Amino acid sequence: MEFESEDAAKIFYDEYARRVGFVMRVMSCRRSERDGRILARRLGCNKEGHCVSIRGKFGPVRKPRASTREGCKAMIHVKYDKSSKWVITKFIKDHNHPLVVSPREARQTMDEKDKKIQELTAELRNKKRLCTTYQEQLTAFTKIVEEYSDRLSKKVQNVVSNLKEFESIDRELSQHR
C-alpha cells in the first residue's frame, strides 16, 4: 500500500488497529543524516516489547503497575519512497495476545497525553517551516546587502581613483607655477 504522507499511514494503521481490536503505538523511526527528515517509521501494537523494571535504579516504586507489554510482534514498516510516497515495506499481522473485540474496550479517542504530543508535534512542524522561511529571507537579505556593499565599494574606489588623479594634476600645476 502507498500513502501520500507519514500521517496518512499512521491514521490508516490506527483505524485498522481499532477495527481489529488493538491499540496502535508509534515505535521507531529512521532519519536522514543530511537534513533530519524522517525516512522510515515503524508502527505497531502497544503490547510490543517487554517492560524493563526501573526498581533499584531510582528507589522503590510507589504504585507498581502491571506491565501492558507482552512482546507482541504485530507491526507495519513504512518507508519514504523515491516516488515521494510512503510505502508499507513490512507487515506482521499476528498478535501473541487476545485482541479486544468490544469497541468500548478499545481506545476510541486519544488520551490527553497523545493529544498534547500531537499538538506539540504540529507546533514544532510549523516552527520548523517558519524557521526555514526566516532562513530563506535572511539569505536573500544578506545577498542584497552584499550586492549593495559591492556597488558602494566600487563607487568608493572610483572616488579614490578620481582624487588620486586630481592630486596628480594639482601637483603638476603646482610645479609649473
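**Notebook: charges, rings and cysteines**

I looked up Asp14 and noted that it is buried, with a relative accessible area of 16%, where buried means under 20%, exposed over 50% and partly exposed in between (1.4 Å probe, protein chains only). The model is predicted, so I kept in mind that local features need pLDDT of at least 70 and side-chain atom pairs count only at pLDDT 80 or more, while totals for chains, interfaces and linings use all residues. Residues are numbered from 1 along each chain as its sequence is written, and side-chain values use heavy atoms, with hydrogens and water left out.

*Salt bridges.* I took a salt bridge as a side-chain nitrogen of Lys or Arg within 4 Å of a carboxyl oxygen of Asp or Glu, and the search of the whole structure gave seven of them. Asp14 pairs with Arg18, with the closest N and O atoms 3.0 Å apart; both lie in helix α1, four residues apart, about one turn of the helix. For elements I used DSSP runs, numbered from the N terminus, with helices (H or I) of at least four residues and strands (E) of at least two. Arg18 counts as partly exposed at 31% relative accessibility.

I then found Glu48 and Arg25 joined by a salt bridge of 2.4 Å, N to O. This pair links distant parts of the chain, since Glu48 is in the loop between β3 and β4 and Arg25 is in strand β2 (residues 24-31), 23 residues apart. I also noted that salt bridges with shared partners join Glu6, Lys10 and Arg41 into one network.

I counted six aromatic pairs in the whole structure. Tyr16 and Phe22 have ring centres 6.1 Å apart and planes at 75°, so I logged the pair as edge-to-face, and both residues are buried.

*Cysteines.* With a disulfide taken as a pair of cysteine sulfur atoms within 2.5 Å, I counted zero disulfides. Cys72 is in none, the nearest cysteine sulfur, that of Cys45, being 3.9 Å away. I recorded Cys72 as buried at 1% relative accessible area, whereas Cys131 is partly exposed at 47%.

Methods: Phe/Tyr/Trp six-rings, centres within 6.5 Å; stacked < 30°, edge-to-face > 60°.
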